[in-house]
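Student: Can we go through this model together? I'd like to start with the helices and then move on to the cores.

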Amino acid sequence: MRSFWFNKLSVIFGPRPPVSWLLLCLVSLLALIAVLGSSSSNAFDSVTPTPVPDIYLNYRRLKEQAAVDYLELRSLSLGASRQRELGLCGKERENYVPCYNVSANLLAGFKDGEEFDRHCEVLRDRNRCLVRSPKDYKSPLRWPAGRDVIWSGNVKITKDQFLSSGSMTKRLMLLEENQIAFHSEDGLIFDGVKDYSRQIAEMIGLGSDSDFLQAGVRTVLDIGCGFGSFGAHLVSLKLMAVCIAAYEATGSQVQLALERGLPAIIGSFISRQLPYPSLSFDMVHCAQCGIVWDKKDGILLIEVDRVLKPGGYFVLTSPSGKLHGTAVGKRKRNVLTPMEELTQEICWSLLAQQDETFIWQKTVDSDCYASRKQSAIPLCKEGHDVQSYYQPLVSCISGTSSKRWIPIQNRSAGSQLSASELEVHGKYSFIMICKPGVK
């Protein structure tokens, strides 16, 4: 049965419509579909959401906005007392060292060597600023290359100064115009740093300097470290070597050591204690450091005893100890008598002597000081060790009643501290114990 609409079309177009009419209807239908598709596509595009911006960029914007908001709130809370940003110092303060100014110290009345110490109270009210880096300063080379090669523009030593120093040119070599290289064998006192270090190890009864850690030697205070070559060698043995030297406007030993990536600090044995707690170092080393240890009634040697741990070593290498000519024994006795008297007073024993090098060892028995007869060097009062740094030098022996009085030979081998050693310093190690079958 034919539908009503089919009968209508049959009446209009006849029982069999022409082919041209069918083609015309087909073309009209396709055109209608194209028009409707384009319009719907435009409408869809108009409602499509915008692309999501990158999350990282949004996070950065939020972070920057939070910082701006914080600074605005901080400025409102501070009001008139708002802190200003530090500016750059002038060229006249290029060699500025905090709390160190010889001229200001002299004007303040310091003398007899105290003007060369650091006095923060003299410079307390000075304007603060950021010290400029040298004009040609470059970032140091990465370790370990930076240990042996530094940029010449980073230190206050010119090429002419290198060439004019006969002893220095034997130890330093200019690779290029802008670099300074340190020889691995820099001729320090003996045939080289490695031979010198090995000699010290043999003098204290070790087979090699690689056995320092097994003997309890981990930390070394190097006084007057020169170019830092001895400290650099000790670092290669996994020891912590700290350089301390007096301030020098040109060619600072501290500056050279820092550029080589070695710990260093400006300090001098004059009138104040070193900025280290008592019983801090396993070895104190002085190679031609220019200090007369027996002057001022031995107060400088007492300061070494303060920072030296029980059983630790004091290594002194000085040309004044090398004797020539006849009557060597008598002359040697005259030279060592002041040091022998002082070392006996502070319970040190002369462990070994070879050529220009002398090694003393500090006692491990704190009762040694009480057994002395009429000693001129008393024990310090209780609580002396808790004083702040840069205190005046004292003529008393400290650390004997401290819980940190632990002989270096009794500590755990290696570079790791044991649980009992950490506890002495107020630190505690935690060990997690898991039951079998529990993850």
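Predicted model: local features only at pLDDT ≥ 70, side-chain atom pairs only at ≥ 80, totals over all residues.

Student: OK. At what angle do H8 and H9 pack?

Tutor: Helix H8 (residues 193–203) and helix H9 (residues 229–236) pack at about 70°, and their axes are 10 Å apart.

Student: So what do we call that arrangement of H8 and H9?

Tutor: Angles from 65 to 115 degrees count as roughly perpendicular, so H8 and H9 are roughly perpendicular to each other. The crossing of H8 past H9 is right-handed.

Student: Which residues meet there, H8 against H9?

Tutor: From H8, the residues are Val193, Lys194, Tyr196, Ser197 and Ile200. On the H9 side they meet Ser229, Phe230, His233 and Leu234. By type, the contact holds five nonpolar residues, three polar and one charged.

Student: Which residues of H9 are buried?

Tutor: Six of the eight residues in H9 are buried. They are Ser229, Phe230, Gly231, Ala232, His233 and Leu234.

Student: And what covers the buried residues of H9?

Tutor: The cover includes H8, helix H5 (145–148), and strands S4 (219–223), S5 (240–245) and S7 (281–287). After H9 comes Lys238, which has a positive phi, near 70°.

Student: Changing topic. Where is Ile397 found?

Tutor: Ile397 is in the loop between strand S10 (357–362) and helix H13 (419–424).

Student: Is Ile397 buried or exposed?

Tutor: Buried is under 20% relative accessible area, and Ile397 has 1%, so Ile397 counts as buried.

Student: What is Ile397 in contact with?

Tutor: Leaving aside neighbours within four places in sequence, the contacts of Ile397 are Asp305, Glu345, Ile346, Tyr369, Arg372, Ile377, Pro378, Leu379 and Cys380. Pro378 is 19 residues from Ile397 along the chain, and their C-alpha atoms are separated by 6.4 Å.

Student: Now the cores. How many residues are in the largest nonpolar core?

Tutor: The largest nonpolar core has 34 residues, and Leu221, Trp293 and Phe314 have the most contacts inside it. At least two residues each come from S4, S5, S7, helix H11 (299–307), strand S8 (308–317), helix H12 (328–345) and S10. H11 gives the largest share of this core, six residues.

Student: What does Trp293 touch?

Tutor: Not counting residues up to four places away in sequence, Trp293 touches Ile223, Phe269, Cys286, Gly298, Leu300, Leu301, Val304, Phe314, Leu316, Met339 and Leu342.

Student: What lies apart from that core?

Tutor: Another core, of 24 residues, lies apart from it; among them are Ala201, Ala215, Met283 and Ile359.

Notes:
Residues numbered from 1 in each chain as written. Heavy atoms only, no water. Axes fitted to C-alpha atoms, helices over the stretch in contact; angles between N-to-C directions. Helix = DSSP H or I, 4+ residues; strand = E, 2+ residues; numbered from the N terminus. Parallel < 35°, antiparallel > 145°, perpendicular 65-115°, else oblique. Left-handed = near helix turned anticlockwise from the far one by under 90°. Contact = heavy atoms within 4.5 Å. Nonpolar A, V, L, I, M, F, W, Y, C, P; charged D, E, K, R; others polar. Buried < 20%, exposed > 50% of the residue type's maximum accessible area, 1.4 Å probe, protein only. Core = buried A, V, L, I, M, F, W, Y, C linked by side-chain atoms within 4.5 Å.
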